[in-house]
Amino acid sequence: ELKESVRKYVAGYDTADAFRASAFALRKEWQNEDEDAQHRVDGGYCKMISYLVNEIRKNDGQLFLSSIVKEVHWEHNQVEAITTEGISYKAQKIIIALPLGVLQVDPPAEGAIHFSPAIPQYREALQQIGFGSIVKILLEFKKAFWESKSTTRLTGHGLKEMMFLLSDEEIPTWWTQFPNQSNVLTGWLGGPNARKKKNLPNEELLQQSLQSLSNIFKLSIQELKANLVAWNVANWMAESFTLGSYAYDTVEAPAARQVLNRPVNNTIYFAGEYLYDGPAMGTVEAALTSGLGIAQKLG
């Protein structure tokens, strides 16, 4: 029972495959958890992105959106990035800040990048770090039914202050926006079981979500649908420019990070949450820390 509990936690929280994940890395992470801390950006992550965009523009930086780089040609202190439309961008150095899942696939996959000349040692290192799988479902209801009197009678106590709900259902993990009042429930399925659902239509994932809530709260699917205002499925594995969730450590990951944290001939630099070495791996904090470190190297 303990093993099964740990495997479910590794899959759900770290979105990892427990048979690939490093036990020592998980121990390090879990020993540094602050389970009572709930950190949210007031107004959402769009505020942080807007701040970064404004800082770039204030410093005469340029942003080119919807520009998909397919090839990177390089030699020492000379780089050319070529997009799918044949547009070329040239510089002395380049920072590759793509999700690990995208860097792990080879052309002709939609998001893959071809390096010329090849960088086999770095490509091998990228494969040695784990990249998780996740399906996230957001459901907005007219009323927060989990706060109802019938739910209180069912559970024996009120759920007005419920944060996380864990179950054995198809979509097992749910959370509210507590301490903020909201009628939104977020469903979460991670790890190998999520990977199995990679190609399911969003409508089928919605149906599985409603069935899971129906089983948990003893409500009919019809009741849940009548109360449903809006829904969205974030199947990150099916998105060509993410191909998964976030990184987790394998046994080989520390050595792989040592390789990837060294620039390719002081010309190609890698940055991202998967290169962070600390207790907050797989987070926005990890991504920002890695990016700042690379910027300081180049500065």
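Two strands pair if DSSP finds at least two bridges between them. Keep that in mind as we look around this predicted model.

**A strand with two partners**

Let's start with strand β10, residues 184–190. Strand β7 (residues 134–141) runs antiparallel to β10, and seven bridges join them. Strand β9, covering residues 173–175, also pairs with β10 in the antiparallel sense, this time over three bridges.

| Strand | Partner | Bridges |
|---|---|---|
| β7 (residues 134–141) | β10 | seven |
| β9 (residues 173–175) | β10 | three |
| β2 (residues 78–83) | β3 | four |

In a regular strand the side chains alternate between the two faces of the sheet. You can follow this along β10: V184, T186, W188 and G190 point one way, while L185, G187 and L189 point the other way. Are these residues buried or exposed? Both sets are buried, and β10 is mostly covered, with seven of its seven residues buried.

**An open sheet**

Next, find the open sheet of four strands, ordered β3-β2-β1-β5, with mixed pairing. Which strands stand at the edges? They are β3 (88–91) and β5; each has a single partner strand, so one side of each is left without a neighbour in the sheet. From one strand to the next, the twist averages 15°.

Now turn to helix α5 (residues 120–127) and helix α10 (residues 253–260), whose axes come within 9 Å and cross at roughly 145°. The crossing is left-handed. On the α5 side, Q121, Y122, A125 and L126 make the contact, and on the α10 side A256, V259 and L260 do. Sorted by class, the contact has six nonpolar residues, one polar and no charged ones.

**A glutamine in a loop**

Finally, visit Q104, in the loop between α4 (100–103) and β5 (114–116). Why does Q104 count as buried? Its relative accessibility is 19%, and buried means under 20%. A polar atom of the Q104 side chain lies 2.9 Å from the backbone oxygen of L126, a residue that also takes part in the contact of α5 with α10. Leaving aside neighbours within four places in sequence, Q104 is in contact with R123, L126, Q127, I129 and F131.

Notes
Residues are numbered from 1 along each chain as its sequence is written. This is a predicted model: local features need pLDDT of at least 70, side-chain atom pairs count only at pLDDT 80 or more; totals for chains, interfaces and linings use all residues. Side-chain values use heavy atoms; hydrogens and water are left out. Buried means under 20% relative accessible area, exposed over 50%, partly exposed in between (1.4 Å probe, protein chains only). Helices (H or I, at least four residues) and strands (E, at least two) are DSSP runs, numbered from the N terminus. Axes are lines fitted to C-alpha atoms, for helices over the stretch in contact, and angles run from 0 to 180 degrees between N-to-C directions. A crossing is left-handed if the near helix is turned anticlockwise from the far one by less than a right angle, and right-handed if clockwise. Contact means heavy atoms within 4.5 Å. Ala, Val, Leu, Ile, Met, Phe, Trp, Tyr, Cys and Pro count as nonpolar, Asp, Glu, Lys and Arg as charged, and the others, Gly among them, as polar. A polar contact is a pair of N or O atoms within 3.5 Å; within protein, one must be able to donate a hydrogen and the other to accept it, and residues adjacent in sequence count only if both atoms are side-chain atoms.
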